[in-house]
Number of protein chains: 2
Amino acid sequence: MSESSAPGSSGLRPTKQRLAVVETLDSADGFHSAQEIHELLGQRGETVGLATVYRTLQRLAEAGEIDMMRTEDGEAIYRRCSDTHHHHLVCRSCGRTVEVEGPAVERWTRSIAEQHGFADVSHTLEIFGTCPACR
Amino acid sequence: MSESSAPGSSGLRPTKQRLAVVETLDSADGFHSAQEIHELLGQRGETVGLATVYRTLQRLAEAGEIDMMRTEDGEAIYRRCSDTHHHHLVCRSCGRTVEVEGPAVERWTRSIAEQHGFADVSHTLEIFGTCPACR
DNA sequence: GTAAGTGCAAACGGTTTGCAGCCTC
DNA sequence: GAGGCTGCAAACCGTTTGCACTTAC
């Protein structure tokens, strides 16, 4: 197959803007909001419309190329999605986030879903608390 | 102390509106958005301003009398704290929802959080899949 | 050439806020 | 009586959308 094997073989056209967004997300660790990405692009000298940033991030997320989650106050934040599946332990007060894994949870969710006859199972899990520094 | 020992001794004045909100939340199972609560209040014949509903829910949440979490699309939803804690298994296609419980998960999240020194632990977990009818 | 992608600006929808009047303590 | 609480409407802010134009294939 002559299909591109490049990172992003998801049927999305590799336009200048799309690439710029991906690259920015790549070079920035952790989660960032659409507006942040837009600003970072500006700093890089790339001018990409805010609407385009929103659309691009959404499509990349749908395509499974990036992760999306919500901040405490409802903003969507994204990050490059390379790593293993894990969950977040978030401080309610300062927002500090720890990534945690739980193979047992993965198994449990799958088996519960299957018991009820559900297929194509996925799940989301977030843990909230007050971190040591904020107590 | 002559302090009220009524359910809700959180320093908030027990106004008609406040009580109506709490009562509505009591009688409605599960999570509901501010707008839903507002509508339910209307159906009950109570007229409470939308802004008041928002303010009330926020203060109740701050006071720890109700739980707040976010929907997939960033809306704030609230519920009375007392319900038994459970999770949802949701069909991606038709939206059918099954409530499931998992004591093991409860224990796991708590212990993970404590390992990281987090206090006041809570969590959210949702499982998505395709239900038998939709496969 | 055609469909997907883009930019702009206007529309949206949930949430917050300023302010004048009301009610609880 | 003083300060919290309420209602209304306007402001906010992140996000979405309509439309004419550009670009990748």
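**Strand C and the A/B interface**

Modeller: A phosphate oxygen of DNA strand C sits 2.5 Å from an N or O atom in the side chain of A:T52, a polar contact (N or O atoms within 3.5 Å; within protein, one must be able to donate a hydrogen and the other to accept it, and residues adjacent in sequence count only if both atoms are side-chain atoms). Bear in mind that this is a predicted model: local features need pLDDT of at least 70 and side-chain atom pairs count only at pLDDT 80 or more, while totals for chains, interfaces and linings use all residues. Residues are numbered from 1 along each chain as its sequence is written, chains are lettered from A and ligands numbered from 1 in the order in which they are written, and side-chain values use heavy atoms, leaving out hydrogens and water.

Biologist: Which part of DNA strand C does the side chain of B:R13 get to?

Modeller: A base oxygen, 3.2 Å from an N or O atom of the B:R13 side chain.

Biologist: Switching topic, how many residues of chain B are in contact with chain A?

Modeller: 36, and they meet 37 residues of chain A; contact means heavy atoms within 4.5 Å.

Biologist: How many salt bridges across that interface?

Modeller: Zero between chain B and chain A by the rule, which wants a side-chain nitrogen of Lys or Arg within 4 Å of a carboxyl oxygen of Asp or Glu. There are 10 residue pairs in polar contact, though, both at pLDDT 80 or more.

Biologist: And what's the bridge partner of A:L125 in β6(B)?

Modeller: B:L125.

Notes:
Pairing = 2+ DSSP bridges. Helix = DSSP H or I, 4+ residues; strand = E, 2+ residues; numbered from the N terminus.
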